[in-house]
Amino acid sequence: MTRFIKNIAVTGLILSALACKKPQPVPHYTVSKVFKTDTLTTVNVHINNRMTAQQLLLIAGKVKTDSAKIEHLAIHYLLPGNTDFSAGDNSYYAAAKFIKESDVKPTDTLKDNNGNVFRVKIYGLDSAKAKALLNLQPKEIANKNVLGRFIDDYNHTVIIPFTDPLDEKNSLYIIELDSTAKIVSATMPQKVNDGFEKWLVTPNGDYITLKDSVLTQYAADGLGVPFNSIKSGR
């Protein structure tokens with residue numbers, strides 16, 4: 001009888017602990033754009049910082065709950081610095097979608113609180129790897145005026161534009177480093193005033209703009225629509 005009573009007490013404690021378990025808070029996000037096709041609804045979600053797959057799932061679950069009538073839902077996650085205008089395939093931190101039961105694979109292990117299967121691809125770097133890139137101190141920028149440090153999540157590099165205080169022409173220099181501090185690209189772009197200030201970075205006419213600590217990249221044939229936009233230090 002004593003053992004029976006103890007078992008009941010232990011069971012009660014376990015059930016009580018489970019009942020008291022608080023749901024994880026959903027990270028802050030904002031929805032900026034919803035676009036639809038005949039087979040899919042895609043939502044652009046802006047997040048404040050780099051997140052884990054589990055955190056992205058919490059946001060997706062909330063979006064899914066708020067969009068219960070949407071059967072086929074995909075989500076693009078964007079870090080600060082990107083707008084719907086500048087968001088291209090190279091600027092998504094992550095992309096995700098809910099999977100139909102018939103399409104579920106053994107590798108699909110993430111589910112929201114309602115049991116919906118969630119598949120996510122994180123293109124960007126996690127916080128630790130991004131911080132390591134931002135902390136790189138290549139000799140090329142010693143005693144230079146660094147204009148920002150921009151993580152390129154698509155290429156997993158850091159872009160550092162700078163000027164040389166001893167250069168009377170005040171030319172702009174740009175280096176791009178990988179995680180080993182190796183320079184994978186070095187450019188001295190040509191400044192052009194085309195109604196706004198921009199710098200040509202390739203012979204083909206690809207260019208960048210630098211404004212308000214945001215580096216925005218444009219393809220020559222992109223009709224003025226940027227393919228990537230990055231906020232310094234993020």
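How many bridges join strand β13 to strand β14? I looked this up before anything else.

**Entry 1: ground rules.** The model is predicted, so I noted that local features need pLDDT of at least 70, that side-chain atom pairs count only at pLDDT 80 or more, and that totals for chains, interfaces and linings use all residues. Residues are numbered from 1 along each chain as its sequence is written, and side-chain values use heavy atoms, with hydrogens and water left out.

**Entry 2: β13 and β14.** I found 2 bridges between β13 (residues 197-200) and β14 (residues 207-211), and the two strands run antiparallel. Strands here are DSSP runs of E with at least two residues, helices are runs of H or I with at least four residues, and both are numbered from the N terminus. Two strands pair if DSSP finds at least two bridges between them. Opposite L200 I found Y207 in β14.

**Entry 3: the sheet around them.** I traced an open sheet of 5 strands with antiparallel pairing, in the order β12-β13-β14-β15-β16. β12 (190-193) and β16 (228-231) are at the edges with a single partner strand each, so one side of each has no neighbour in the sheet. From one strand to the next the twist averages 25°.

**Entry 4: the other sheet.** I then followed 6 strands that form an open sheet with mixed pairing, in the order β1-β2-β3-β4-β6-β5. Its edges are β1 and β5; each has a single partner strand, so one side of each lacks a neighbour in the sheet. β1 and β2 pair in the antiparallel sense over 7 bridges, and a hairpin of 4 residues joins them. The bridge partner of F35 is T42 in β2. β4 and β6 also pair in the antiparallel sense, over 5 bridges, and there F98 has F118 in β6 as its bridge partner.

I listed its buried residues (under 20% relative accessible area, 1.4 Å probe, protein chains only; exposed is over 50%, partly exposed in between). They are L56, L57, L58, I59, A60, G61, V63 and K64. These pack (contact means heavy atoms within 4.5 Å) against β1, β2, β3, β4, β5 and β6. α2 runs at about 130° to β6; axes are lines fitted to C-alpha atoms, for helices over the stretch in contact, and angles run from 0 to 180 degrees between N-to-C directions.
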